[in-house]
Amino acid sequence: DLSRLADALSVVDFGKGDVVAKKGDPAETLYVVKSGAVSLADASLKKSPNPLARAKTRRLERGRACGDAALVGGAVVDATATAAEVCSCYALSSDVLADPAYLKIHDDSDAEDAAAVVDTIPGE
């Protein structure tokens, strides 16, 4: 039942520049941006002497996710995510994600139901 999934979500607040997830760390949490924005970049690119490589970051805003490696047990974060501005993210633990009872989304109508559940979370 998708309401159980919504109950498992927590909200985490980040200040501008805070690291949301660091490349190479265990992927333990899936984050979905609730408000504000997160920048996603490979840390090695930021050190590149090539200015075009340093500019290769992606901005994630409301509804976009990072830490999706948490969907795969034993995975590591593949790119550093940093708060581009003050932001709040929904957080879902990989422990919850590993429980098949939470992930019974079988078709598009279930996915639409999941979106509706997220819209009912307090603070929206």
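Figure 1. Helices (H or I, at least four residues) and strands (E, at least two) are DSSP runs, numbered from the N terminus. At 40% relative accessibility, Thr57 counts as partly exposed; buried means under 20% relative accessible area, exposed over 50%, and partly exposed in between (1.4 Å probe, protein chains only). Ala41 is 16 residues from Thr57 along the chain, and the C-alpha atoms of the two are separated by 4.7 Å. The model is predicted: local features need pLDDT of at least 70, side-chain atom pairs count only at pLDDT 80 or more, and totals for chains, interfaces and linings use all residues. Residues are numbered from 1 along each chain as its sequence is written, and side-chain values use heavy atoms, with hydrogens and water left out.

**Figure 2. An open sheet of 4 strands.** The strand order is S2-S7-S4-S5, and the pairing is antiparallel. Strand S2 (19–21) and strand S5 (58–60) are the edge strands, each pairing on one side only. From one strand to the next, the twist averages 30 degrees (axes are lines fitted to C-alpha atoms, for helices over the stretch in contact, and angles run from 0 to 180 degrees between N-to-C directions). S2 and strand S7 (residues 80–83) run antiparallel and are joined by 2 bridges; two strands pair if DSSP finds at least two bridges between them. Ala21 stands opposite Ala81 in S7.

**Figure 3. A network of salt bridges around Arg59, Glu61 and Glu85.** A salt bridge is a side-chain nitrogen of Lys or Arg within 4 Å of a carboxyl oxygen of Asp or Glu. The count by this rule is 2 salt bridges. In one of them, Arg59 pairs with Glu61, and the closest N and O atoms are 2.8 Å apart. Arg59 is partly exposed, at 46% relative accessibility, and Glu61 is partly exposed at 41%. Glu85 also forms a salt bridge with Arg59, the closest N and O atoms being 2.6 Å apart. This pair links distant parts of the chain: Glu85 is in the loop between S7 and strand S8 (87–93), and Arg59 is in strand S5, 26 residues apart. Glu85 has a relative accessible area of 31% and is partly exposed.

Figure 4. Cys89 is in no disulfide, and its nearest cysteine sulfur, that of Cys87, is 4.4 Å away. Cys66 counts as buried at 2% relative accessibility, and Cys89 counts as buried at 0%.

**Figure 5. Confidence along the model.** The mean pLDDT of the protein is 75, and 65% of its residues reach 70 or more; pLDDT is the predictor's confidence in each residue, from 0 to 100. Among the elements, strand S1 (residues 10–14) has the highest mean pLDDT (94) and helix H5 (residues 108–119) the lowest (50). Over residues 105–111, pLDDT stays under 50, and the model has 6 contacts for them beyond four places in sequence. Contact means heavy atoms within 4.5 Å. Where pLDDT is low, the predicted coordinates should not be read in detail.

Conventions
A disulfide is a pair of cysteine sulfur atoms within 2.5 Å.
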